[in-house]
Amino acid sequence: MSPRGVLGIALLAGVIPPAVGADALGFKGVTLGSPLARVADDPRHVCYKASAPGADTVCALRPQQRETLAGAPVDTLFYFYLRGR
């Protein structure tokens with residue numbers, strides 16, 4: 001097997017992180033996996049109990065709040081949490 005093949009298998013298996021030192025995936029300071037309190041304590045958001053199979057809490061921007069992504073307005077923004085993460 002070639003060295004590139006071994007590296008590819010190691011990346012897929014999670015043995016080697018894909019981008020050491022890469023920024024965490026997130027939006028406006030809320031990163032993937034951040035605790036529920038990070039959004040729930042922010043007055044720009046409102047949180048509700050959810051009955052979805054993949055989330056027990058859903059947080060959204062309050063109706064009067066506006067956000068942009070690369071200068072374009074964001075119409076809807078939801079954060080889905082399961083067991084506080």
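**Close-up views of a predicted model**

**View 1. Phe80, exposed.** The relative accessibility of Phe80 is 54%. That value lies over 50%, so Phe80 counts as exposed.

**View 2. One aromatic pair.** The structure holds one such pair. Its partners are Phe78 and Phe80, with ring centres 6.2 Å apart. The ring planes stand at 40 degrees, so the pair is tilted. Two values describe a pair of aromatic rings: the distance of the centres and the angle of the planes.

**View 3. The largest pocket.** This pocket holds about 210 Å³ of space. Phe80 is part of its lining, along with residues including Leu25, Val30, Tyr79, Tyr81 and Arg85. Gly26, Thr31, Gly33 and Ser34 are also among the lining residues. By type, the lining has seven nonpolar residues, four polar and one charged.

**View 4. Strands around the pocket.** Three strands each supply at least two lining residues: β1 (26-27), β2 (30-31) and β7 (78-81). The most comes from β7, which gives three residues.

**View 5. The whole chain.** The protein has two helices and seven strands. Their order from the N terminus is α-β-β-α-β-β-β-β-β. The protein has 85 residues, and 22% of them count as buried. Its accessible surface is about 6,400 Å², with 62% belonging to carbon and sulfur atoms. Of the contacts between residues at least 6 apart in sequence, 33% join residues at least 24 apart.

Notes. Residues numbered from 1 in each chain as written. Predicted model: local features only at pLDDT ≥ 70, side-chain atom pairs only at ≥ 80, totals over all residues. Heavy atoms only, no water. Phe/Tyr/Trp six-rings, centres within 6.5 Å; stacked < 30°, edge-to-face > 60°. Buried < 20%, exposed > 50% of the residue type's maximum accessible area, 1.4 Å probe, protein only. 1 Å grid on protein atoms, 1.4 Å probe; cavity = no way out; pocket = protein on both sides within 12 Å on 5 of 7 lines; lining within 4 Å. Points joined across faces, edges and corners; volume = space filled by probe spheres on them. Helix = DSSP H or I, 4+ residues; strand = E, 2+ residues; numbered from the N terminus. Nonpolar A, V, L, I, M, F, W, Y, C, P; charged D, E, K, R; others polar. Contact = heavy atoms within 4.5 Å. Areas by Shrake-Rupley, 256 points an atom, 1.4 Å probe, with all protein chains shown as cover.
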